[in-house]
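User: I want to learn how to read the main features of a model like this. Please take me through them in turn.
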Amino acid sequence: MKKVILLMLTISFLSCGKDSNLITGNVSNTNGNPVENVLVQVMGTDLNSRTNAKGEFKINTRNRGDELIFTHSDYEMRRINLSDESQYSVKLIKRNNQ
């Protein structure tokens, strides 16, 4: 009985891990400088992250086909569709009124 329970827990744990995908990347401006404090969201979910001082982010998604939205008050919003890649480089364009 213990073996059956352990097997069921192992299968459950492994199947849960397949539901999320770690995506990493960096966000920079058109000059190549990192952009800090960019909100990175998975569209249609409450999953989000922010870039650090180096413009780096990490976020878990549910599906590789998800869309990421990058927003910052000084830059135009940017959307990207995720593919099979696990690392992305995103460039943001400064807003015209800045």
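Analyst: We go through sheet, side chains, core, rings and backbone. The model is predicted: local features need pLDDT of at least 70, side-chain atom pairs count only at pLDDT 80 or more, and totals for chains, interfaces and linings use all residues. Residues are numbered from 1 along each chain as its sequence is written, and side-chain values use heavy atoms, with hydrogens and water left out.

User: How many strands form the open sheet, and in what order?

Analyst: Definitions come before the case. Strands are DSSP runs of E, at least two residues, numbered from the N terminus. Two of them pair if DSSP finds at least two bridges between them. Here 3 strands make an open sheet, ordered S4-S1-S7, with mixed pairing. The edges are S4 (56–61) and S7 (87–92); each has a single partner strand, so one side of each lacks a neighbour in the sheet. From one strand to the next, the twist averages 30°. That angle uses axes fitted to C-alpha atoms and runs from 0 to 180 degrees between N-to-C directions.

User: In which sense do S1 and S4 pair?

Analyst: S1 (residues 21–29) pairs with S4 in the antiparallel sense, over 6 bridges. Threonine 24 is opposite lysine 58 of S4. Elsewhere, S5 and S6 run antiparallel and are joined by 5 bridges. Leucine 68 has isoleucine 80 in S6 as its bridge partner.

User: Which side chains of S4 are buried?

Analyst: In a regular strand, side chains alternate between the two faces of the sheet. Buried means under 20% relative accessible area, exposed over 50%, and partly exposed in between, with a 1.4 Å probe and protein chains only. Along S4, Phe57, Ile59 and Thr61 point to one face and are buried. In S7, look at serine 89. Serine 89 counts as exposed, at 61% relative accessibility.

User: Which residues have the most contacts inside the largest nonpolar core?

Analyst: A nonpolar core is a set of buried Ala, Val, Leu, Ile, Met, Phe, Trp, Tyr and Cys residues joined through side-chain atoms within 4.5 Å. The largest one has 16 residues, and Val27, Phe57, Leu68 and Phe70 have the most contacts inside it. S1, S2, S4, S5, S6 (75–81) and S7 each give two or more residues to this core. S7 gives the most, with 3 residues. Valine 27 touches, among others beyond four places away in sequence, Val38, Phe57, Phe70, Val90 and Leu92. Contact means heavy atoms within 4.5 Å.

User: How many aromatic pairs does a search of the whole structure find?

Analyst: A pair of aromatic rings is described by the distance of the centres and the angle of the planes. Rings of Phe, Tyr and Trp (its six-membered ring) pair if their centres lie within 6.5 Å; planes under 30 degrees apart count as stacked, over 60 as edge-to-face and the rest as tilted. The search finds 1 pair. Phenylalanine 57 and phenylalanine 70 are edge-to-face, at 5.5 Å centre to centre and 70° between the planes. Phenylalanine 57 is in S4 and phenylalanine 70 in S5 (residues 67–72), so the pair ties together parts 13 residues apart in sequence. Both residues are buried.

User: Where is asparagine 37, and what is its phi?

Analyst: Most residues other than glycine have a negative phi. Asparagine 37 has a positive value, near 65°. Asparagine 37 is in the loop between S1 and S2 (39–42). Its relative accessible area is 42%, which is partly exposed.

How values were computed
Helix = DSSP H or I, 4+ residues; strand = E, 2+ residues; numbered from the N terminus.
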